[in-house]
Amino acid sequence: QGNASPNAPMLPRHLSHHANLIGQAGPVEVDVSSPDHVQKVVRYSVKHLTHIGVLDCRHWGSTLFGSPSVWLKAFGFVMLAVVVFVVAYALFDHNRVDVSALTGLTNVLNGLVAFLLGLYIAKCLERWWRIVFDHLGDMWEELVSICTFVGTAFHADEDKEERIRRRVIRYCVLVNKLTCRCLRFHESRVPKPQRVADLDRYLSFRWDGAVEADAEHPLLYTDELHHLRQAAGRPQVPAAWLQGFIGQLERKLRSTPIASDPLPDGWSQQLLDRSERLRRAIGSCERCVATQLPFAYVHLISFVVILNNTVLSIVAGLFIATGIQTGAVFACCVQAIYMTTITFVYQALIELCACLLNPFDQTTLAAIPATYYTEKLEENLMHCMENAARSSRTVCDDIFDD
């Protein structure tokens, strides 16, 4: 990128902002694009986490140990055990207190919770991975493919071809931004009338991602904003614009060729096919995020976990009360540690599943670092388009100079 052609540049330079988005916490890289949100881990060392690195407190803010919600709920179960202990110690005779039935219930519930949580976590992780790798990944690949092909077909340093490239890459950047925006609204259950409230902010975005008031080449023009508002900001709209633009361009070029070199055979059909695959990838992202796991299933697992922790706290309070009366102090300490650990772990796991099921909620620990991915994607789109065009202009000339 630094050794650009001395000819007129195809596109204005787009400077990377990654340095402002990534923070270092030892061997862990976190997305620090928003100080109001939980830091999202972008990269980490698995080897570091397999030994003493798991105790590295520099990145605990990105783990469940830094979640106030988990600690607060675990503290609630501890307080329940304390209340049961006080009542049992003050009112009950330890010779008449029999906790064997509750202990048996706890053992049954522990086995059931471990089994159900194992299935639940696997399903939540699978859904999270499919959203990122399969659905969003397919959409990003189609965007890069479209930009690369357009850079190859319309590669000349001429005004009309530059405007074609700019129009295509503007639609591609807009598709990604609107998709991430739409998926966040799906998760937060924002009503459709409220989904058009901030669309006008894209008038201040340049097509290359920078923010500039009264930009000469904005990401979204006023007439496009009107149509986008009517469609409630749906990300399929720019993909439809792209298909319409390609069709109209193909008809215009039949009568008024502008390319200095012949266009690739079937170029319009290839772009239309890629645009259609892009539209389907966007719809796939929306369907996956909008379709939740069955309510009864999630409710049952949450209920069983809370029931198990409640019963475990009651048993611990009764056991410690009778243990102190009989002088079994060590057994009481073991029971307290057991109850605290199990309730915290189970509550942390259920909290983790809730985070995994809401990957675009930027306040959760398992949120997708959308800002970081968007920056990388936009930079990749521009590099692919520019370098494809530059190669098309120069490589063949170097080979066939003779």
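Predicted model: local features only at pLDDT ≥ 70, side-chain atom pairs only at ≥ 80, totals over all residues.
Residues are numbered from 1 along each chain as its sequence is written, and side-chain values use heavy atoms, with hydrogens and water left out.

The protein chain contains 11 helices and 3 strands (DSSP runs of H or I with at least four residues and of E with at least two, respectively, numbered from the N terminus), arranged along the sequence as α-β-β-β-α-α-α-α-α-α-α-α-α-α. Of its 402 residues, 45% are buried, that is, under 20% relative accessible area with a 1.4 Å probe, protein chains only. Among contacts (heavy atoms within 4.5 Å) with a separation of 6 or more, 74% involve residues 24 or more positions apart.

Helix H4 (residues 100-153) packs against helix H9 (residues 295-326) at an angle of about 145°, with the axes 9 Å apart; axes are lines fitted to C-alpha atoms over the stretch in contact, and angles run from 0 to 180 degrees between N-to-C directions. Residues meeting across this pair include Leu 105, Leu 109 and Leu 116 in H4 and Val 304, Asn 308 and Val 311 in H9. By class, the contact comprises 20 nonpolar, 4 polar and no charged residues, where Ala, Val, Leu, Ile, Met, Phe, Trp, Tyr, Cys and Pro count as nonpolar, Asp, Glu, Lys and Arg as charged, and the others, Gly among them, as polar.

With a disulfide defined as a pair of cysteine sulfur atoms within 2.5 Å, the count is 0. Cys 147 is in no disulfide, the nearest cysteine sulfur, that of Cys 172, being 3.7 Å away; Cys 147 is buried, at 0% relative accessibility. The sulfur of Cys 355 is too far for a bond because the closest cysteine sulfur, in Cys 353, is 9.1 Å away, and Cys 355 is likewise buried, at 7% relative accessibility.

Notes. Buried < 20%, exposed > 50% of the residue type's maximum accessible area, 1.4 Å probe, protein only.
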